[in-house]
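Hi there,

Here is the structure I promised to pass on to you. Have a look at it first, and then read my notes below.

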Amino acid sequence: MPEMTENAPPLQVPTLWNLFISFVTISVLGFGGTLAWARRMAVDERRWMSATEFNEVFALCQFLPGPNVANFAVVFGARMRGVPGAICAAGGLIVPSLILMIVLGALYARYGQIEALQRVLAGVSTAAAGLIFGTTARMAQPLLQLKQWQGPAVALAVLVAVGVLRIPLWWALITLIPLAIAVAWRRAP
Amino acid sequence: MKLDAGTLLAIAAHFSLLSLLAVGGGNATVPEMHRHAVEVAHWMTDRQFADIFAIAQAAPGPNFLISTLIGYQVAGISGAMVATLGMCGPSSVLAYYASNTWERFKYARWRIATQNGLIPVSVGLIGASGVIVAQAADHSVLAYAVTAVTAVITYATRLNPVWLFAGAGLLGLAGLV
């Protein structure tokens, strides 16, 4: 990967321990969107990856199915240190959150019926729904800026099929993904 | 909840499938998690699903961890581990192999078309997640209003969502939503 700025310090290669600890940090600090933290760590702070390379890996991880940030941990770890690197990065991402979720799950199972907690959770879940809608609007913005009706139409069809009609996900994807790709194929250079 | 190999296998099968259907990340599969957990397998009520979603969103860490909480709810610690592994495992293996071949097809038309075609699909899926959670969570006019205000703030500002959760939690505690 050629560096655009000649004076930029050279990229470093992390050790397995570095990888593990970095993804532990991302996992623990990553409120609302861990990928922004991943970028800060990989590109800005540790200089393990150039901004261009990060964008390419990021695009790949969004494109592939599965949790984006877990994909990122695997691809990033593998590029740095092969399969052990992928395992250390993904382990660092997952293990602390897994432990936290088990603790929270146990607390919910034990105290979830307490009325005050029920009320707090009822409030938080209304905001959680709003957060998702706000994120959707942000994601939809580049689609709307293309000023072509096909992309927004596909997004709306998926939303109605899965969110309102509650069609099983695989049925919706089997029918709508080929349609979406066909539409994009006609627009592709 | 009885804990047996059959239950764990059902959890593993469900989340492994979701792992490969998660076009647009973990939150894209929330509608299917809800459909399966609440309507098909009867693992939990609508109310519990909304609670669990709120906990997973408000806690730090990647947002696919709602799968961990569902697994825990169904089959305790082993359920939590099986669900998490199911959610991340198949897609991780795919990502590992795909990253080696991705560069080769960087300018191929099918690759560009596939990538561009999947973007609106993932936008639609995340929007559907919002609809599912709002229907499970919002039961009053004020609740819908909180959802709407949170959506606008998230869209228009870079405010840390922790503050939104804290505010909405206080409104809930006061019995207003």
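To start with a question: in which kind of crossing, left-handed or right-handed, does H6(B) pass H7(B)? Please keep in mind that this is a predicted model. The crossing of H6(B) past H7(B) is right-handed.

Here is how that pair is arranged. In chain B, helix H6 covers residues 141–156 and helix H7 covers residues 161–173. Their axes lie 11 Å apart, and the helices pack at an angle of about 165°. Angles over 145 degrees count as roughly antiparallel, so H6(B) is roughly antiparallel to H7(B). On the H6(B) side, the contact is made by B:Val146, B:Thr150, B:Ile153 and B:Thr154. H7(B) contributes B:Pro161, B:Leu164, B:Ala168 and B:Leu171. Sorted by class, this contact has 6 nonpolar residues, 2 polar ones and no charged ones.

The other pair I looked at joins the two chains. From H7(A), the residues in the contact include A:Leu176, A:Ile177, A:Ala180 and A:Trp185. Among those from H5(B) are B:Ala113, B:Asn116, B:Gly117 and B:Pro120. The residues of this contact divide into 11 nonpolar, 3 polar and no charged.

Best wishes

Technical notes:
Residues numbered from 1 in each chain as written. Chains lettered and ligands numbered in written order. Predicted model: local features only at pLDDT ≥ 70, side-chain atom pairs only at ≥ 80, totals over all residues. Contact = placed C-beta atoms within 7 Å. Helix = DSSP H or I, 4+ residues; strand = E, 2+ residues; numbered from the N terminus. Nonpolar A, V, L, I, M, F, W, Y, C, P; charged D, E, K, R; others polar. Axes fitted to C-alpha atoms, helices over the stretch in contact; angles between N-to-C directions. Parallel < 35°, antiparallel > 145°, perpendicular 65-115°, else oblique. Left-handed = near helix turned anticlockwise from the far one by under 90°.
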